[in-house]
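Subject: Structure for your files

Hello,

Here is the structure I said I would send. My notes on it follow below.

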Amino acid sequence: MIVRWGLDSLPGVVAEVGMQRPLLVASPRWTLPIDAASRWSEVPSDRVDEAAALTGDGVIAVGGGSAIDLGKAVSAAVDAPLVSVPTTYAGAEWTTYYGVRDPGRKMRGGGAGAHPAGIVYDVDLTLDLPRETTVGTSMNALAHCAEALYVKGHNADADGHALEGARLIAESLPHVVDSPHDREARTELLRGACHAGAALGGSGLALAHAMAQAIRGRYGLPHGTLNGICLAPALRWNAQWAPEAVERFTAIVPRVEKLAALGGPTRLHELGVPREDLPDLAKAAAGRAGNQANPRPATPAEIEELLESVF
């Protein structure tokens with residue numbers, strides 16, 4: 001993966017990847033120092049085939065997880081390289097799999113097979129992120145760090161990124177919340193998200209993400225906020241099966257709940273999730289790949305107890 005810092009490095013990355021006629025996937029608010037052959041501005045969008053038909057020899061995706069997931073879906077559809085310019089801390093730029101959402105942000109499908117080839121980070125693109133999005137996507141990144149340490153595919157290289165990412169996020173996020181336009185704090189937070197993404201790309205997802213994905217898929221709620229809620233019970237659960245890994249993480253981040261609370265809701269009922277839906281959500285989470293990659297997969301009944309603890 002080619003990783004560069006500063007938006008002025010984007011043309012060089014595009015050239016290095018070999019693109020000459022890229023499709024730009026970006027909402028209307030973003031402008032870039034690049035000449036794209038065509039542009040797709042409906043983000044999110046489930047009209048992947050229509051976007052793919054505009055693609056030349058590559059895709060540039062600018063934005064948060066929805067934009068980059070759409071870019072990945074197009075990349076997979078046309079077998080073309082993808083360069084991502086993330087504007088949040090979610091980490092979607094590091095993986096080959098994606099979800100497809102409609103303009104109402106409801107899940108309409110997903111898949112794998114994207115060809116991520118380059119990433120360009122620029123702190124100036126994050127300075128105006130709302131507090132909820134800042135904290136939510138940071139908690140998503142923090143969950144990547146935690147899960148990388150104990151997922152079945154964990155390894156020493158991903159562990160190193162996970163621990164450094166967790167440290168940077170835990171230290172910088174409160175400062176960013178207090179001073180949103182502090183470029184130094186935002187830079188450290190973005191560096192943490194970069195490490196978290198590398199940890200994710202080198203390992204995988206586990207139980208917290210499985211729960212968050214099941215809930216998001218049903219209600220279209222913010223993925224990062226849900227990860228902030230689901231990470232704490234997942235850590236408590238995994239302390240039984242991977243105690244050393246959980247201890248390494250909690251030594252850096254003793255209370256994920258405290259960080260999650262910086263962004264708003266910390267209970268599922270605050271987001272409008274009905275209690276009577278918990279059994280179905282638990283069953284859906286149990287069947288997801290993240291749960292199957294957990295140190296010990298949780299049963300639907302066990303996941304229902306975890307969801308109840310944060311209801």
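In which loop is P44 found? P44 lies in the loop between β3 (38–40) and α2 (48–52). Please keep in mind that this is a predicted model. The peptide bond from V43 to P44 is cis, with omega near -5°.

Phi of D79 is near 55°, a positive value in a residue other than glycine. D79 is exposed, and its relative accessible area is 57%. For background, most residues other than glycine have a negative phi, and most peptide bonds are trans.

Next, the helices. In α9 (residues 243–252), the residues A245, V246 and F249 are buried. Seen down the axis of α9, its buried residues fall within an arc of 95°, so they line one face of the helix. E244, E247 and A251 are exposed and sit on the face turned away from that buried side. The cover over the buried residues of α9 includes α4 (131–148), α5 (156–178), α8 (223–238) and α10 (256–260).

Helix α8 also meets α7 (residues 207–219): their axes come within 7 Å and cross at roughly 140°. The two helices are therefore oblique to each other, and their crossing is right-handed. Residues making the contact include L207, M211 and I215 of α7, and L226, C230 and W237 of α8. By class, the contact of α7 with α8 has 11 nonpolar, five polar and one charged residues.

Regards

Technical notes:
Residues numbered from 1 in each chain as written. Predicted model: local features only at pLDDT ≥ 70, side-chain atom pairs only at ≥ 80, totals over all residues. Heavy atoms only, no water. Buried < 20%, exposed > 50% of the residue type's maximum accessible area, 1.4 Å probe, protein only. Helix = DSSP H or I, 4+ residues; strand = E, 2+ residues; numbered from the N terminus. Arc of directions from axis to C-beta. Contact = heavy atoms within 4.5 Å. Axes fitted to C-alpha atoms, helices over the stretch in contact; angles between N-to-C directions. Parallel < 35°, antiparallel > 145°, perpendicular 65-115°, else oblique. Left-handed = near helix turned anticlockwise from the far one by under 90°. Nonpolar A, V, L, I, M, F, W, Y, C, P; charged D, E, K, R; others polar.
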